[in-house]
Amino acid sequence: MRNGPLLLVILLVAACTPDGADSSRDTLRVSAAASLTDAFTAMATAFEATAPDVDVELNLAGSATLVEQVLRGAPVDVLATADARTMQRAVDAGVVADPVAFAHNDLVVAWPAAGPARDVEDLAERRLLVGLCAPQVPCGAAAREGLAAAGVRASPDTEDIDVRSLLARLASGDLDVGIVYASDVPTAGGAVEAAPLPGASTTLVIAPIRTSPAPAQDFIDFVRSRKGVEILRDHGFEAAT
Amino acid sequence: MSSRHSPPSPPRPPHSLLAVAIVAATAVVLPVVALLVDAPWSRLVEVLRSDVATDALGLSVVTSLAATIAAVVLGLPLALLLARVEFPGRAVLRGLVLLPLVLPPVVGGTALLAVLGRRGLLGGPLEEVTGLVLPFSTAGVVVATTFVSMPFLVITVEGALRNLDGRHEGAASTLGAGPWTVLRRVTLPMVRPSLVAGIALTWARALGEFGATITFAGSLQGRTRTLPLAVFVALEGDRDTAVALSLVLVAISLAVIVGLRHRWWHEL
């Protein structure tokens, strides 16, 4: 029919238009650092069980990216970053109010389970393949604090901005040693072994976006409740002191 | 040519399709325009002069050129083999050679690790015999980039070789020219336009390479962090640098397209 193509265009445009708010359920949009992937997936499910009218939508990415998104006006209700320094940018811009610490993530020296055990001094070994997070991400900044505390001058062969990809390189044996989060090690399913790195940990921080609805604060309270702390502990995080 | 004798122009497409076409054009042009709007113009020179930028640019130039040379040195013989020599399984080999064209680059990088990684088929022995470790090295960047961009050269040159009917080369042979002479003085000059286009495409692909490089060679400033990798890292918190470096890549890409315009669009 003659108007077929025009009809198609109209249908396509209609399909792309977001539908109005679903009146029966509220959507709570939570932006969380990638290291919280597993913990907050479980957290969302547990929270939804206590608040049946709320649907939690998780947005996971690097902390700096999440802050960037919020600063550019992304419709987010809760922001959880992997360190306080990254959250500070959102605070300075007046976008978030009163961030609170809700967990610690210790850093560990990690190595492939199939290879020999390593310690922090091995990160200075040029003949080993060493991986670190890039210094501009929380994992990398904290790793360097730990290295400084141990008096080790690392010679990294790669600096990843995604700690999970660093973990994958260790798991496959392509790297000999690296520094990752304690919470990441169990996700490698036994392919990576680790030892604590003293003096290196990040404090995870959570805050509601200024204009967000009530469920945002409910979610934050849940994260800090006993149940929330239990979920975080199950996923390798330590409670905030 | 008088208008009385020119052929009638084809009828215009339906209006609704043209409307969709305008939407499509906007969708393609807007992101680049937005990038230009977003750029830190007042700080551009300062950003592009920083260590982060100059290291990335230097690495990109060196590794992409090395990869292009490697692609020609290895790809030209391969194109000749595929175009001129009949052997069982030729179609299969052609398919495999062209695989990196379609394969997601990260998969290509993973495959390279399986061969040349520490625990790989050849990587372990290579390290033991020569001490050479390709992953996480600048040479590794060249290997990964050659792997993904060589098919561009092979496919372009092979196509051109197939289009030659062989008369001129046959005549040269009959006149006493040996195979190398025929190649040097007849075959290659005849496929020169395609060879040049193939080299340009190969180099452009090499410059834009990301997935295989980051998987196989990792990301370290001054050693393996080429322009695309530097953009990726800069996105975490240093947007000005990310946009500035992106503009450099856009400029180079546009230069390649404009440079090749006669090959692709005759009216441009």
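In chain A, the mean position of the 18 positive charges and that of the 32 negative charges lie 4 Å apart. Lys and Arg are taken as positive and Asp and Glu as negative, with His and the chain ends not counted; each charge is placed at NZ of Lys, CZ of Arg, CG of Asp or CD of Glu. For chain B, the corresponding separation between the mean positions of 20 positive and 15 negative charges is 11 Å. The model is predicted, so that local features require pLDDT of at least 70 and side-chain atom pairs count only at pLDDT 80 or more, whereas totals for chains, interfaces and linings use all residues. Residues are numbered from 1 along each chain as its sequence is written, chains are lettered from A and ligands numbered from 1 in the order in which they are written, and side-chain values use heavy atoms, with hydrogens and water left out.

Chain A contains eight helices and nine strands, where helices (H or I, at least four residues) and strands (E, at least two) are DSSP runs numbered from the N terminus. Its C-alpha trace spans about 70 × 50 × 35 Å along the principal axes. Of the 241 residues in chain A, 47% are buried; buried denotes under 20% relative accessible area, exposed over 50%, and partly exposed the range in between, with a 1.4 Å probe and protein chains only. Among the contacts in chain A with a separation of 6 or more, 75% are between residues 24 or more positions apart, a contact being heavy atoms within 4.5 Å. Chain A exposes about 11200 Å², with 53% supplied by carbon and sulfur atoms. These areas come from the Shrake-Rupley method with a 1.4 Å probe, and for residues only the protein chains shown count as cover.

Chain B has 14 helices and zero strands. The C-alpha trace of chain B spans about 65 × 60 × 30 Å along its principal axes, and buried residues make up 39% of its 268 residues. Residues 24 or more positions apart provide 70% of the contacts in chain B with a separation of 6 or more. The accessible surface of chain B is about 14900 Å², and carbon and sulfur atoms hold 69% of it.

A nonpolar surface patch of about 470 Å² is formed by B:V28, B:V29, B:L30, B:V33 and B:V37. Patches consist of residues with over 30% relative accessible area and no salt bridge, with like charges joined within 9 Å and nonpolar side chains (Val, Leu, Ile, Met, Phe, Trp, Tyr) within 5 Å. B:V37 is located in helix α1 (residues 15-38) of chain B and is exposed, at a relative accessible area of 67%. By contrast, B:T213 in helix α11 (residues 211-216) of chain B is buried, at 1% relative accessible area. Leaving aside residues up to four places away in sequence, B:T213 touches B:V141, B:A144, B:T145, B:G218, B:T224 and B:L229.

Over all chains, 22 salt bridges are counted, the criterion being a side-chain nitrogen of Lys or Arg within 4 Å of a carboxyl oxygen of Asp or Glu. A:E68 is paired with A:R72, the closest N and O atoms being 3.0 Å apart. A:E68 also forms a salt bridge with B:R239, with a closest N and O distance of 4.0 Å. Because B:R239 lies in helix α13 (residues 239-259) of chain B and A:E68 in helix α3 (residues 63-71) of chain A, this pair joins two chains. B:R239 is partly exposed at 26% relative accessibility. A:E68, A:R72, B:D38 and B:R239 are linked in a network of salt bridges.

A further salt bridge connects B:D240 and B:R43, at 2.6 Å from N to O. B:D240 belongs to helix α13 and B:R43 to the loop between α1 and α2 (44-49) of chain B, so the pair ties together parts 197 residues apart in sequence. Both residues are partly exposed, B:D240 at 27% and B:R43 at 32% relative accessible area.

Positive phi values occur at two non-glycine residues described here, A:D98 and B:F136. Phi of A:D98 is near 45 degrees; A:D98 sits in the loop between α4 (84-92) and β4 (100-112) of chain A and is exposed, at 65% relative accessible area. For B:F136, phi is about 65 degrees. B:F136 lies in the loop between α6 (123-130) and α7 (138-163) of chain B and is buried, at 2% relative accessibility.
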